[in-house]
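Open the model in your viewer and keep the sequence panel in view.

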Amino acid sequence: MFAYCRHCVMPSTKPDLSFDAEGVCDACRSAELKNQIDWDSRRKEFEELVAQYRGKNPNNYDCIVPVSGGKDSTYQVYVLKEIYKMNPLLVCFEATNRTPLGVKNLNNIKQMLGGSDLIEFRKNPEAYKKMCLEGFRRVGDGEWPNHVGIFTVPVRLAVALKIPLIIWGENSQLEYGGPKAARMKNVLNRRWLEEFGGLLGHRVEDMLKVEGISQKDLISYIYPSDEELDAVGIQGAFLGYYFKWDARAQLEPIIKNGFSVKEDGPVEGTYTNYENLDDNLVAVHDYLKFTKFGFGRTTDHVSIDIRNGRMTREEGVKLVQQYDGKYPKKGAAEFIEFFGITKEEFDRVIDSFTDKSLFELEADGSLKRDADGNLIKKYQNYAV
Ligand SMILES: [Zn+2]
């Protein structure tokens with residue numbers, strides 16, 4: 001049966017999200033749990049961790065920080081450099097179609113706090129585009145190779161450059177809900193990647209032979225073997241395990257250090273202006289989440305703001321009604337141009353990944369749309 005969480009606004013159609021007897025979702029319960037965590041002792045754990053690596057090898061970096069230039073990675077670099085005096089190597093997997101604001105923030109991240117070395121991995125754009133399109137058509141996710149590459153490339157470079165420590169950002173299962181065991185984890189490893197890292201039940205090898213993609217095109221998307229990882233002693237840690245993650249609280253120090261938000265209004269698909277700034281195509285990815293599961297990025301953001309005590313549920317519902325799941329006009333136009341497909345195919349693929357039980361239909365069974373081309377959600381009643 002369809003239901004919304006009685007505390008936040010997350011629907012029961014979100015994969016891996018469970019509700020308890022009181023109708024509260026596990027992400028909200030996680031948030032309560034976060035308040036019970038002894039963050040002081042977690043911080044000490046982190047201090048002990050970084051102390052093992054800081055300055056140990058003067059001829060190498062202390063750790064790798066995977067970055068996009070976005071809010072989270074700017075905060076990771078801030079914490080590591082400013083507070084823990086680490087010497088990180090920043091590793092960036094090139095965005096699909098980076099916006100000027102994304103370029104500005106990536107430049108900022110390598111210049112802030114005295115500057116850092118940064119490796120930007122520029123992927124083979126032809127193979128990448130093929131995989132994006134295949135991901136779009138096959139699993140309804142045009143950012144599929146990006147979700148993989150942002151996890152594999154930093155680990156591959158850590159192995160190659162013999163830098164054992166990798167500091168990731170948030171643990172998305174803790175922030176957004178997911179299986180209990182995964183929520184309390186502090187490490188990112190192959191199992192985590194395969195289960196949650198955006199592979200959507202597919203293996204990288206499934207891309208073989210698609211439009212002529214061969215093994216050599218997939219090299220950077222392959223996670224290193226256990227032998228390779230063990231040889232360097234790779235350890236990946238989530239900063240969100242050691243420090244209470246609160247996006248809005250993190251904005252202040254990073255804006256002071258040059259991070260730019262979107263000044264001319266919210267990002268398409270939500271009401272915030274500080275996340276997903278580097279790539280407008282993310283709006284398409286978020287819209288597909290809406291058509292598959294009936295909730296979009298606004299629901300994510302509202303739910304986090306409610307859990308962090310920054311918004312009432314009532315205010316959140318209003319924002320969801322205003323912003324969530326609108327047809328992403330800007331993102332769609334950019335997607336169509338970037339990948340060279342027709343709008344007809346674009347819409348047909350999206351419709352094929354639309355759960356018709358969640359939306360209003362016309363008499364002939366086709367999806368009903370309002371005057372702006374938006375789908376109409378069936379379940380509009382958020383009352384608890
Ligand atoms: Zn909830």
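This is a predicted model: local features need pLDDT of at least 70, side-chain atom pairs count only at pLDDT 80 or more; totals for chains, interfaces and linings use all residues.

Select residues 71–83, which form helix α3, and then residues 247–256, which form helix α12. Their axes lie 10 Å apart, and the two helices pack at an angle of about 60°. Turn the view to look at the crossing: α3 passes α12 in a left-handed sense.

Which residues of α3 meet α12? Select Lys-71, Thr-74, Tyr-75 and Tyr-78 on the α3 side. On the α12 side, select Ala-247, Gln-250, Leu-251, Pro-253 and Ile-254. Colour this contact by residue class and it shows six nonpolar, two polar and one charged residues.

Now select the whole protein chain. In cartoon view, its secondary structure comes to 17 helices and five strands. Along the principal axes, the C-alpha atoms fill a box of roughly 70 × 50 × 40 Å.

How does the radius of gyration compare with that of a compact globule? For 384 residues such a globule would have a value near 21 Å, and the protein chain has 21 Å, so the two agree.

Last, look at the interior and the contacts. Buried residues make up 43% of the 384 residues. Of the contacts between residues at least 6 apart in sequence, 70% join residues at least 24 apart.

Conventions. Residues are numbered from 1 along each chain as its sequence is written. Axes are lines fitted to C-alpha atoms, for helices over the stretch in contact, and angles run from 0 to 180 degrees between N-to-C directions. Helices (H or I, at least four residues) and strands (E, at least two) are DSSP runs, numbered from the N terminus. A crossing is left-handed if the near helix is turned anticlockwise from the far one by less than a right angle, and right-handed if clockwise. Two residues are in contact if their C-beta atoms, placed from the backbone, lie within 7 Å. Ala, Val, Leu, Ile, Met, Phe, Trp, Tyr, Cys and Pro count as nonpolar, Asp, Glu, Lys and Arg as charged, and the others, Gly among them, as polar. The radius of gyration is taken over C-alpha atoms; the globule rule is 2.2 Å times the number of residues to the power 0.38. A residue is buried if 20 or more other C-beta atoms lie within 10 Å of its own, exposed if 12 or fewer, and partly exposed in between; C-beta atoms are placed from the backbone.
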